[in-house]
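Please look over the chain shown here, together with its sequence, before reading the report.

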Amino acid sequence: MTRSGAYRERSFVLDELSDIELLRAHVDGRKHAFAELLRRHHDHLWQIALRTSYTREDAADSLQDALLSAHRTAGSFRGEAEVRSWLHAIVVNACLDRIRRNKTRKAVSLSPETMPEPSDERDDFAELEMSLVVDRALFSLPAEQRTALVAIDLEGYSVTEAAAMLGVPEGTIKSRCARARQRLKERLEFLRDPGNRK
């Protein structure tokens with residue numbers, strides 16, 4: 001069998017495995033099992049890192065730290081949650097760790113993709129502008145409140161799932177979300193004025 005044929009056969013077999021089977025295969029030393037797991041969940045994990053971090057650079061660094069940690073500690077996975085939830089928690093924790101480390105020196109991204117071009121015609125960019133306003137309000141929240149709110153309201157996890165992922169009691173998740181929603185409501189109250197939405 002040719003090398004490319006062997007690769008296709010290996011990829012086909014890995015495609016058929018569940019997430020937990022892939023993680024176990026990785027722990028058992030099977031090549032490409034962890035890569036297949038990441039292929040399935042990378043986009044989701046990247047979005048979590050972006051929503052939790054203050055800059056794209058921090059999101060990228062946190063995601064890399066998280067994936068290295070998951071790769072090394074896969075043997076400690078006990079199967080009490082879905083593999084995707086386990087990976088989600090590792091990414092959130094890596095982001096929070098980086099936020100804590102950066103607290104004394106707030107980083108500001110100067111990359112071109114995070115700095116939109118000024119526009120003369122607001123109508124063409126109304127959706128982008130609204131997104132920036134909401135993102136600014138979201139990122140003004142304390143990290144713990146933001147991660148709880150993202151998990152519940154944006155990612156659709158239940159309170160129980162979010163509590164397990166973040167390692168806090170369910171009541172803490174509920175109170176963090178309630179405080180976050182109240183702060184967002186106060187910060188975005190000006191949007192109720194129709195003149196501010198045109």
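## Overall architecture

The model is predicted, and its chain contains 9 helices and 0 strands, so that the order along the sequence reads α-α-α-α-α-α-α-α-α. Of the 198 residues in the chain, 37% are buried. The accessible surface amounts to about 12,500 Å², with 51% of that area belonging to carbon and sulfur atoms.

When contacts between residues at least 6 apart in sequence are considered, 61% of them join residues at least 24 apart.

## The setting of Cys 95

Cys 95 is part of helix α5, which spans residues 83–102. Because its relative accessibility is 1%, where buried means under 20%, Cys 95 counts as buried.

Leaving aside residues up to four places away in sequence, Cys 95 touches Ala 49, Thr 52, Ser 53 and Ser 62. The C-alpha atom of Cys 95 is separated by 8.4 Å from that of Ala 66, a residue 29 positions away along the chain.

## The packing of α2 and α3

Helix α2 (residues 19–27) and helix α3 (residues 33–52) have axes that come within 7 Å and cross at roughly 145°, and the crossing of α2 past α3 is left-handed.

On the α2 side, the contact involves Asp 19, Leu 22, Leu 23, Ala 25 and His 26, which meet Ala 33, Phe 34, Glu 36, Leu 37, Arg 40 and His 41 of α3. Sorted by class, the residues in this contact of α2 with α3 are 6 nonpolar, 2 polar and 3 charged.

Terms used:
Residues numbered from 1 in each chain as written. Predicted model: local features only at pLDDT ≥ 70, side-chain atom pairs only at ≥ 80, totals over all residues. Heavy atoms only, no water. Helix = DSSP H or I, 4+ residues; strand = E, 2+ residues; numbered from the N terminus. Buried < 20%, exposed > 50% of the residue type's maximum accessible area, 1.4 Å probe, protein only. Contact = heavy atoms within 4.5 Å. Areas by Shrake-Rupley, 256 points an atom, 1.4 Å probe, with all protein chains shown as cover. Axes fitted to C-alpha atoms, helices over the stretch in contact; angles between N-to-C directions. Left-handed = near helix turned anticlockwise from the far one by under 90°. Nonpolar A, V, L, I, M, F, W, Y, C, P; charged D, E, K, R; others polar.
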